[in-house]
Amino acid sequence: MSIQTTISPHNQKPYVSRIYPTKDELDVIVKNAATAQKLWSGVPVNERVLIGRKFMDEFRKMKDEIPLELSLQMGRPVSQGAGEVRGVLERAEYMLSVAESSLADVSLADTDKPGFKRYIKRTPLGVVLVIAPWNFPYLVSINSVLPAIIAGNAVLLKPSPQTPLTAERFALALTQAGVPKDVIQVVHLSPSLTTHVIQHPSIDFVSFTGSVSGGRSIAETAAKASGFTGVALELGGKDPAYVASDANLDYTAGELVDGAFFNSGQSCCSVEASSRVYVHESIYEEFVKRFVEITKTYKLGDPTLSETNLGPVVSLASAERIRKQIDDAVKAGAKALISEQLFPFAKSGTTYVAPQVLVDVNHSMDVMMEETFGPVVGIQSVASVDEAVRLMNDSPYGLTASVWTDVEANPQSEVFNKFVNELETGTVFLNSRCDYLDPALAWTGVKDSGRGVSLSKFGYDQVTRAKSVHMKIRTT
């Protein structure tokens with residue numbers, strides 16, 4: 001019998017354990033999912049949508065229990081937990097609102113020849129394996145699991161060992177809403193069992209969110225399956241921000257600090273993933289001053305206390321890696337502007353890492369090129385928009401980017417359009433933190449940030465396939 005145990009980041013104590021299934025038990029789970037999917041796909045889309053709305057009601061009932069439970073699993077302050085609940089409900093509402101139109105047959109009547117009828121159906125893939133991360137487990141589940149189920153698929157949801165209860169709670173809300181129990185099943189899997197299920201002949205698609213190395217491993221494993229199993233990969237980000245000379249500094253500094261340190265900097269999108277901000281040289285010193293002043297007001301501490309707004313990182317290994325990245329940058333010439341003495345909880349050998357702002361940075365440093373996944377930001381001065389675009393694109397990643405400029409005062413400015421046209425990213429934000437995902441927009445990335453699309457009407461394309469129907473009506 002193999003067991004996984006979740007260690008709470010803030011006190012390093014065991015929180016919850018789960019037993020892995022055997023291979024034979026896992027095969028039964030997959031078989032039951034495949035059988036249930038055939039029946040589920042026959043339920044009309046409008047009825048599935050109604051069940052989806054009942055899911056929202058069931059999930060909403062859990063809103064008071066989720067923040068503390070999530071904090072004990074992965075360390076996010078309870079004061080920030082409500083935001084993930086709101087995000088789930090907002091995304092669910094939109095995806096359900098466009099489900100029927102997105103999944104409807106595509107008529108070609110306008111161009112049919114006399115005596116012919118043609119149309120394109122959206123057909124569910126079958127059994128979808130969703131491998132969810134620990135940093136935003138509910139939001140990723142709503143991006144991947146709900147659309148797959150509404151489209152008529154069955155889902156096996158594998159949570160991170162760090163956040164096993166999130167998948168169980170998500171699945172419970174779905175089954176209480178009326179989704180058959182074998183259509184949504186939670187599977188806690190070891191690496192070897194994960195390989196086994198990815199290559200199972202009844203698994204039709206895999207949706208993975210996590211690291212680049214993890215995504216590459218998933219893609220290679222799926223490629224060795226007996227069929228051609230589809231794979232969606234939402235991977236790392238090194239998401240840059242550019243602050244133009246005309247930006248509102250009070251607003252911009254506040255938003256970027258909050259974006260940098262929310263969830264202790266542990267996100268694949270937004271400034272916290274990137275740890276890099278490029279500022280026009282004319283306002284660089286003033287921007288850095290304001291950024292540092294706001295950073296010093298943060299309260300690092302026990303995430304279960306309401307006054308804490310900066311909690312621990314997920315593990316001791318992660319904390320050591322973050323500290324090393326800071327030390328390496330300083331040794332290479334960067335200057336650290338935040339004293340650890342301001343944050344008594346930040347001690348070596350713990351998961352508590354003080355927020356840090358680095359200047360005199362450049363692209364020879366890992367802090368500006370590799371994911372930090374911690375509360376660290378590098379700020380670099382640039383002389384022009386062209387330099388900003390070049391540096392923002394100088395990354396193996398391409399998830400999102402943000403631009404901060406006063407387009408209200410300069411409505412004819414072509415500066416933002418230049419960034420939109422030239423940045424190599426899946427999304428470009430204007431005067432907005434990159435960690436807010438509008439569910440009406442496609443969530444996608446380029447380069448090492450992965451492949452595939454979730455959210456928006458195109459999110460349903462990822463969990464369905466096109467089936468063309470060509471009918472010759474007149475045969476005489």
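Buried area is the accessible area, taken with a 1.4 Å probe, that two parts lose on being put together, summed over both. In the predicted model described here, domain 1 and domain 2 bury about 2100 Å² between them, and 60% of that area lies on carbon and sulfur atoms. On the domain 1 side, the greatest losses of area to domain 2 fall on His10, Gln80 and Gly236, which together account for 25% of what that side buries. The contact between the two draws 25 residues from domain 1 and 26 residues from domain 2.

The elements giving two or more residues to the side of domain 1 that touches domain 2 are α3 (66-74) and α4 (81-97). Helix α3 provides the largest share of that side, with 4 residues. Classified by type, the side of domain 1 that touches domain 2 comprises 11 nonpolar, 10 polar and 4 charged residues.

The structure as a whole holds 19 salt bridges. In one of them, the side chains of Lys121 and Asp105 meet at 3.8 Å, N to O. Lys121 belongs to strand β4 (residues 116-124) and Asp105 to the loop between α5 and β3 (106-107), so this pair ties together parts that are 16 residues apart in sequence. Lys121 has a relative accessible area of 30% and is therefore partly exposed; Asp105, at 43%, is likewise counted as partly exposed.

A second salt bridge joins the side chains of Arg122 and Asp461, at 4.0 Å, N to O. This pair links distant parts of the chain, with Arg122 in strand β4 and Asp461 in helix α16 (residues 459-462), 339 residues apart. Asp461 is partly exposed, at 35% relative accessibility.

Arg122 is also a contact of Ser102, a residue that, leaving aside its neighbours within four places in sequence, touches Lys457 and Tyr460 as well. Ser102 is placed in helix α5 (residues 99-103). Because its relative accessible area is 13%, which is under the 20% limit, Ser102 is classed as buried. The side chain of Ser102 reaches the backbone oxygen of Val98 at 2.7 Å.

Elsewhere, salt bridges that share partners join Glu65, Glu69 and Arg169 into one network.

Conventions:
Residues are numbered from 1 along each chain as its sequence is written. This is a predicted model: local features need pLDDT of at least 70, side-chain atom pairs count only at pLDDT 80 or more; totals for chains, interfaces and linings use all residues. Side-chain values use heavy atoms; hydrogens and water are left out. Contact means heavy atoms within 4.5 Å. Ala, Val, Leu, Ile, Met, Phe, Trp, Tyr, Cys and Pro count as nonpolar, Asp, Glu, Lys and Arg as charged, and the others, Gly among them, as polar. Buried means under 20% relative accessible area, exposed over 50%, partly exposed in between (1.4 Å probe, protein chains only). A polar contact is a pair of N or O atoms within 3.5 Å; within protein, one must be able to donate a hydrogen and the other to accept it, and residues adjacent in sequence count only if both atoms are side-chain atoms.
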